[in-house]
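Hi,

Here is the structure I promised to pass on.

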Amino acid sequence: MQPSAEVLYRQMYKSRRFEEAVTELWNDGHISAEMHLSKGEEAIVAGVVDHVTDGDALALEHRGTAPLVMRGVDLALLIKEFMGLEDGLCRGMGGHMHLFSPEHLAASSGIVGASGPAACGFAFAAQHLRPGKVAVAFFGEGAMNQGMLMESMNLASAWSLPVIFVCKDNGMAITTPSNEVTGGDLLKRARGLGAHAISLDGTDVNEVWRAAREAFVRAREGGGPTFLHATCVHPDGHLLGDPLLRIVRKPVRELKSRVAPLMKAATTGGSSLSEKAASLGSIVDMLGRASKADRQGASDPVEQQRPQLSISDAQRADLEREVDAEVQDAVAAALRSKEARG
Ligand SMILES: Cc1ncc(C[n+]2csc(CCOP(=O)(O)OP(=O)(O)O)c2C)c(N)n1
């Protein structure tokens, strides 16, 4: 039975608030290095993870935070891991891209495409040791051009492995527009490898939930893999502090520091003037795409689910307060741990 709109909303809201707290910690310097978050993907993750039960596995990529939050991994353990603390989820050795939770059969990797083989491994084990259990692979559309992911899809199909391949398609792989480097049609490609394939609006949690239900039933009954192709928008760009978005949002401030190097590149040796002009054109094009993603943030999945709620505004406020408190407690616990360690 489909869960109530509130259940799915709570999951998406929790992930969003958690990632906002992580963003603050990152801005304040408590978390170093890159940080890839899942803002804009919440509906895809919530609609799929709602079907995951004990014994099912999650193979994740560099945006593994939301699935782990929605699977119920301890929030303080996650934050401590991001901070590199010894009492983090992976003793501070994994950071946000290499997260493991054996208890939840969840493993992530920063190597693009690696969630495919990992999911096949989990699914092969399930086929032999835990019949009826399923493995989910989450990845971006950039990973669809990685050989190992295609090999995984082929093997999953040949061996009828219970894998659900979930492609979260935001159209960009860092600064590469995916349609410029992708041949053919992704659905046809997956079908060509023998997987069932469905395309979805990945900002609509209910649509995702329904498609995922079919995929889980098929996998649990031995019907083999499904490819879910879900479109979404990353309103915050590729990673926190995305330079393209910084230029779009604060053009005057950002461009000031970029004019001099651009002028220098244009007037000194190297490529021909026409090649330089073409590069500049492609940068402007990328800025246009980043700006579009920024504007599309208005149709975000968490906001879209609000009108579906059957509870009163006051009840929604209570739900949100409860989640906010849970997130704040986790942040406070992580900061206490950091302070205790000096
Ligand atoms: C094998 C490999 N190649 C390149 C990278 C560098 N890299 C990190 S994220 C990324 C883009 C991935 O794009 P996509 O799969 O669409 O996911 P998105 O970041 O858009 O969610 C790349 C190329 C990597 N981590 N692994």
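**What I found**

At 41% relative accessibility, aspartate 318 counts as partly exposed (buried is under 20% relative accessible area, exposed is over 50%, and partly exposed is in between, with a 1.4 Å probe and protein chains only). Before going on, note that this is a predicted model, where local features need pLDDT of at least 70 and side-chain atom pairs count only at pLDDT 80 or more, while totals for chains, interfaces and linings use all residues. Residues are numbered from 1 along each chain as its sequence is written, and side-chain values use heavy atoms, with hydrogens and water left out.

**Salt bridges**

Back to aspartate 318: its side chain meets that of arginine 321 in a salt bridge, 2.7 Å from N to O (a salt bridge being a side-chain nitrogen of Lys or Arg within 4 Å of a carboxyl oxygen of Asp or Glu). Both residues sit in helix H13 (residues 313-340), 3 residues apart, about one turn of the helix. Helices here are DSSP runs of H or I with at least four residues, strands are runs of E with at least two, and both are numbered from the N terminus. As a reminder, an α-helix has 3.6 residues a turn, so residues three or four places apart point the same way. Arginine 321 counts as exposed because its relative accessibility is 52%.

Some salt bridges share partners, and in this way Glu41, Glu61, Arg63 and Lys168 are joined into one network. The structure holds 19 salt bridges. One of them pairs arginine 63 with glutamate 41, with the closest N and O atoms 3.9 Å apart. That pair links distant parts of the chain, 22 residues apart: arginine 63 is in the loop between strand E1 (57-60) and helix H3 (65-71), and glutamate 41 is in the loop between helix H1 (5-27) and helix H2 (42-49). Both arginine 63 and glutamate 41 are buried.

Aspartate 54 also has a salt bridge, to arginine 71, and here the closest N and O atoms are 3.1 Å apart. Aspartate 54 lies in the loop between H2 and E1 and arginine 71 in helix H3, so the pair ties together parts that are 17 residues apart in sequence. Aspartate 54 is exposed, at 61% relative accessibility, whereas arginine 71 is buried, at 14%.

**The ligand**

Arginine 63 turns up again here. The ligand is surrounded by 16 residues, and the closest are His62, Arg63, Gly110, Gly142 and Gln146 (a residue is near a molecule if one of its heavy atoms lies within 4 Å of it). Which polar contacts are there (pairs of N or O atoms within 3.5 Å; within protein, one must be able to donate a hydrogen and the other to accept it, and residues adjacent in sequence count only if both atoms are side-chain atoms)?

- Arginine 63: a side-chain N or O atom is 2.7 Å from a ligand oxygen.
- Glutamate 141: a side-chain N or O atom is 3.4 Å from a ligand oxygen.
- Glycine 142: a backbone N or O atom is 2.8 Å from a ligand oxygen.

Taken alone, the ligand exposes 580 Å², and the protein buries 72% of that (accessible areas come from the Shrake-Rupley method with a 1.4 Å probe, and for residues only the protein chains shown count as cover).

**Helix H4**

How many residues of helix H4 (residues 75-82) are buried? The count is 7 of the 8, so H4 is largely enclosed by the rest of the structure. The buried residues include Leu75, Leu78 and Phe82, as well as Lys80 and Glu81. What covers them includes H1, H3 and H13, where contact means heavy atoms within 4.5 Å. Aspartate 74 caps the N-terminal end of H4, with a side-chain oxygen 2.9 Å from the backbone nitrogen of alanine 76. Just after H4, glycine 84 takes a positive phi of about 80°.

**Around H6**

Leucine 149 lies in helix H6 and is buried, with a relative accessible area of 0%. Beyond its neighbours within four places in sequence, leucine 149 is in contact with Gly113, Gly116, Phe139, Ala143, Met144 and Phe165. Tryptophan 159 is in the loop between helix H6 (147-158) and strand E5 (163-169), and counts as partly exposed at 43% relative accessibility.

Cheers
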